[in-house]
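The following paragraphs lead from the fold of one chain to a single position within it, and then to the relation between the copies. Please keep the sequence and the model in view while reading.

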Number of protein chains: 2
Amino acid sequence: MSKLLIIGSVAFDAIETPYGKTDKILGGAGTYIGLSASNFNVDSAIVSVVGGDFPDKYIELLASKNINTEGIEIVKDGKTFFWSGKYHTNLNKRDTIETQLNVLADFNPVVPTAYKDAEYVMLGNLHPLVQLSALEQIENPKLVVLDTMNFWMDSCLDDLKKVIAKVDVITINDEEARQLSGEESLVQAARVIEAMGPKYVVIKKGEHGALLFYEDQTFFAPALPLEEVFDPTGAGDTFAGGFIGYLTKTDNLSFDNMKNAVIYGSNLASFSVEKFGTNRMQELTKKEIGERLEAFKQLTHFNIKSY
Amino acid sequence: MSKLLIIGSVAFDAIETPYGKTDKILGGAGTYIGLSASNFNVDSAIVSVVGGDFPDKYIELLASKNINTEGIEIVKDGKTFFWSGKYHTNLNKRDTIETQLNVLADFNPVVPTAYKDAEYVMLGNLHPLVQLSALEQIENPKLVVLDTMNFWMDSCLDDLKKVIAKVDVITINDEEARQLSGEESLVQAARVIEAMGPKYVVIKKGEHGALLFYEDQTFFAPALPLEEVFDPTGAGDTFAGGFIGYLTKTDNLSFDNMKNAVIYGSNLASFSVEKFGTNRMQELTKKEIGERLEAFKQLTHFNIKSY
């Protein structure tokens with residue numbers, strides 16, 4: 001069975017949406033990715049860092065999902081990374097209220113010995129040099145997926161380009177793809193980004209779905225139209241976790257299987273936004289995921305011949 | 001064979017995009033709808049009005065596509081409706097530079113006798129009372145599709161609601177759906193709009209595709225990701241023309257066939273934006289449409305079982 005190694009933040013979030021607000025709750029890219037991928041019952045581990053203020057129960061929650069937590073360093077006299085943000089009515093825009101890097105400022109990722117031979121690697125959104133440092137510890141990965149964001153494009157583009165050159169898949173949102181490539185058309189943006197290194201480019205468009213580009217092929221997975229989006233926090237990370245979790249489980253990198261991985265990414269993200277934080281992901285069942293897969297088929301499949 | 005009656009403007013446009021600008025060229029919702037639907041070789045007619053300044057060659061162009069033009073009134077001493085607009089870099093936003101209603105200001109639509117028994121009716125974007133007046137002349141339509149826009153919601157909502165109550169399908173864009181319904185979620189917006197009368201609600205999201213809602217079923221057709229969008233003018237009308245043209249041709253109102261109609265709408269719209277004005281639609285071949293249908297299948301179809 002293939003192993004999945006996840007590098008990403010395990011953190012506190014405080015979130016305000018038009019539907020309510022939370023105090024400090026469990027958050028972080030690594031958390032969302034790990035919970036999402038755990039639905040495929042893969043052998044996974046998270047590499048991260050938290051402070052002495054991080055509750056044991058959250059570590060236990062991850063462990064209960066069969067995620068190895070040995071690589072989550074606990075800095076006893078440090079404080080856990082904290083982000084707070086507020087979403088506006090349409091939920092597509094958010095303002096960051098506060099970011100406290102805390103222990104993440106000096107994060108030196110150490111990959112547990114048992115996961116140095118991981119076949120699948122997910123580099124969650126972090127400083128590119130931290131991503132590089134973790135990647136260098138993996139012996140011979142079969143597929144490396146990178147998630148990043150505009151913050152790193154603005155602050156350390158050269159470092160970011162170094163890690164982009166070393167990965168197989170990059171997942172970014174549409175505005176970030178335009179910024180990184182300098183191209184307005186997402187088709188042209190994907191081509192420019194592929195030339196930077198990744199064979200596959202996944203462009204996430206939030207409520208408008210996600211595009212997968214590979215050579216001259218394109219696949220599109222819609223977001224499921226939902227009655228209510230309660231909290232979009234972590235949707236992109238949940239997407240990435242579903243994507244790489246499915247690939248780790250099936251261990252098949254054909255383009256047809258990559259399409260399936262994108263659909264499972266959208267599938268899991270559609271649940272994540274239904275409740276605050278990770279609440280929906282904590283209680284999600286295999287039966288629900290299977291039912292939603294049917295909804296995705298109904299939503300997108302047509303049976304038509306030329307007229 | 002079923003007949004298709006199209007009510008809509010036949011007009012002049014002057015367009016500026018980041019790729020260039022045009023003088024007065026052929027435009028108008030009725031024109032785009034007619035050209036698009038003509039790809040299905042249906043028996044169609046356009047009801048509209050133009051001025052004495054409207055070139056015969058444009059009327060001849062429509063007639064050459066087997067569109068009956070008897071219902072296009074020519075007001076000899078009047079001037080044709082004229083719109084000019086400018087698109088910005090991302091092509092999603094446009095500014096109207098000038099609108100001259102001209103002969104459209106007193107448009108009194110007269111449906112040709114031979115089309116009073118049309119089974120399929122497309123009410124293109126016009127004043128709601130003009131749409132109503134045309135609709136009242138049709139004896140017993142099988143399917144009536146309404147296109148409208150925010151302008152009428154702002155200026156004569158009560159009249160608009162009267163026509164909405166009488167149609168089977170409404171096609172509007174996402175922002176208009178939110179405005180008309182007062183709901184942020186498109187799922188909820190569609191539900192509110194269905195309660196106003198239409199059994200089917202089609203929400204157009206431009207480059208983000210289109211959603212079809214019917215009772216508790218939803219279908220999504222993506223827009224084809226394109227290298228370059230040259231000129232988005234008329235894309236929504238071309239979508240509507242492909243939608244109703246396919247339904248007129250197949251004369252089948254099952255939900256599965258409505259899905260196909262939405263795909264053909266997206267298919268044809270993806271061509272329309274490739275050149276200025278109606279240029280691409282004038283030269284389009286059945287072979288090209290068939291090839292693009294394959295591209296839509298590749299883009300959206302996946303073959304996945306529960307894991």
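Chain A contains 11 helices and 15 strands, where helices (H or I, at least four residues) and strands (E, at least two) are DSSP runs numbered from the N terminus. Its radius of gyration is 18 Å, close to the 19 Å of the globule rule for 307 residues, so chain A is as compact as a globular protein of that length; the radius is taken over C-alpha atoms, and the rule is 2.2 Å times the number of residues to the power 0.38. The model is predicted: local features need pLDDT of at least 70 and side-chain atom pairs pLDDT 80 or more, whereas totals for chains, interfaces and linings use all residues. Residues are numbered from 1 along each chain as its sequence is written, with chains lettered from A and ligands numbered from 1 in the order in which they are written.

Of the 307 residues in chain A, 52% are buried (20 or more other C-beta atoms within 10 Å of the residue's own, C-beta atoms being placed from the backbone). Among the contacts in chain A with a separation of 6 or more, 67% join residues 24 or more positions apart; a contact requires C-beta atoms, placed from the backbone, within 7 Å.

A:Thr171 lies in strand E12 (residues 169-173) and counts as buried because it has 31 C-beta neighbours inside 10 Å. Leaving aside residues up to four places away in sequence, A:Thr171 touches A:Val145, A:Asp147, A:Val202, A:Lys204 and A:Ala240.

A rotation of 180° with 0.0 Å of shift along its axis superposes chain A on chain B (RMSD 0.0 Å), by least squares on C-alpha atoms of residues with pLDDT of at least 70 in both. That is the relation of a two-fold axis.

Note on methods
Buried ≥ 20, exposed ≤ 12 C-beta atoms within 10 Å, placed from the backbone. Contact = placed C-beta atoms within 7 Å.
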